[in-house]
Amino acid sequence: MSDVILVEQQGNLYGVLLRYRLQPALETRFVTGSDAELQLGIITRKANSNIAPHRHADIKRTISGTKECIIVQKGKIAVDFYSNTNTIIESLEMNAGDALLLLYGGHGIRFLEDSQLLEVKQGPFVLSEKTLLYGHQTE
């Protein structure tokens, strides 16, 4: 099983799953392309090393939709990826430490064990952004 899983269909990148067990060489490694609206990477360094103090320059960006990153802190979940026609195109299980970047289409989450997730998404969030799939409101 790969440590980086890309969920793609018809040229669209729906998501990028980064398994916790990924242990690259000492480096900064992004698993998304430089053109992704939200990027996911892993930084591996030895003790007593550092990243030089810095800040990111203000850059005007145009972002379409809401991108999310979900990190499983505890437990086990399954994520269903939906096409724009509300068809499940793939399902992936995630365990503690796994991180998922959601970039396109819809998604649903099933909790297979008692779990805790950390979610990061672009704001501000507007309630009307929620999409109904199969006629029921999601949380």
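How many bridges join E1 to E2, and in which sense do the two strands run? The points below take up that question and then the rest of this predicted model.

1. Six bridges join E1 to E2, and the two strands run antiparallel. Within this pairing, isoleucine 5 stands opposite leucine 17 in E2.

2. E1 and E2 belong to an open sheet of five strands, whose order is E1-E2-E8-E5-E10 and whose pairing is antiparallel. The edges are formed by strand E1 (4-9) and strand E10 (116-121); each has a single partner strand, so one side of each is left without a neighbour in the sheet. From one strand to the next, the twist averages 15°.

3. A second pairing to note is that of strand E6 (residues 76-82) with strand E7 (residues 88-95), which is antiparallel and extends over seven bridges. Here aspartate 80 stands opposite serine 91 in E7. The hairpin of E6 and E7 has five residues between the strands, and in this hairpin asparagine 86 takes a positive phi near 65°.

4. The partners are tyrosine 14 and tyrosine 104: their ring centres are 5.0 Å apart and their planes stand at 90°, so the pair is edge-to-face. Planes over 60 degrees apart are counted as edge-to-face.

5. Where do the two tyrosines of this pair lie? Tyrosine 14 is in strand E2 (residues 12-18), while tyrosine 104 is in the loop between strand E8 (99-102) and strand E9 (106-111), so the pair ties together parts that are 90 residues apart in sequence. Tyrosine 14 is buried, because its relative accessible area is 3% and the limit for buried is under 20%. Tyrosine 104, with a relative accessible area of 32%, is partly exposed, because that class covers values between the buried limit of 20% and the exposed limit of 50%.

6. The second largest pocket holds about 250 Å³ of space. Its lining has 14 residues, and those nearest the centre of the pocket are Ala36, Glu37, Leu38, Gln39 and Arg61.

7. Which strands each supply at least two residues of the lining of the second largest pocket? They are strand E3 (27-30) and strand E4 (41-44). E4 gives the largest share of this lining, three residues. Sorted by class, the lining of the second largest pocket comprises six nonpolar, five polar and three charged residues.

Notes. Residues numbered from 1 in each chain as written. Predicted model: local features only at pLDDT ≥ 70, side-chain atom pairs only at ≥ 80, totals over all residues. Heavy atoms only, no water. 1 Å grid on protein atoms, 1.4 Å probe; cavity = no way out; pocket = protein on both sides within 12 Å on 5 of 7 lines; lining within 4 Å. Points joined across faces, edges and corners; volume = space filled by probe spheres on them. Helix = DSSP H or I, 4+ residues; strand = E, 2+ residues; numbered from the N terminus. Nonpolar A, V, L, I, M, F, W, Y, C, P; charged D, E, K, R; others polar. Phe/Tyr/Trp six-rings, centres within 6.5 Å; stacked < 30°, edge-to-face > 60°. Buried < 20%, exposed > 50% of the residue type's maximum accessible area, 1.4 Å probe, protein only. Pairing = 2+ DSSP bridges. Axes fitted to C-alpha atoms, helices over the stretch in contact; angles between N-to-C directions.
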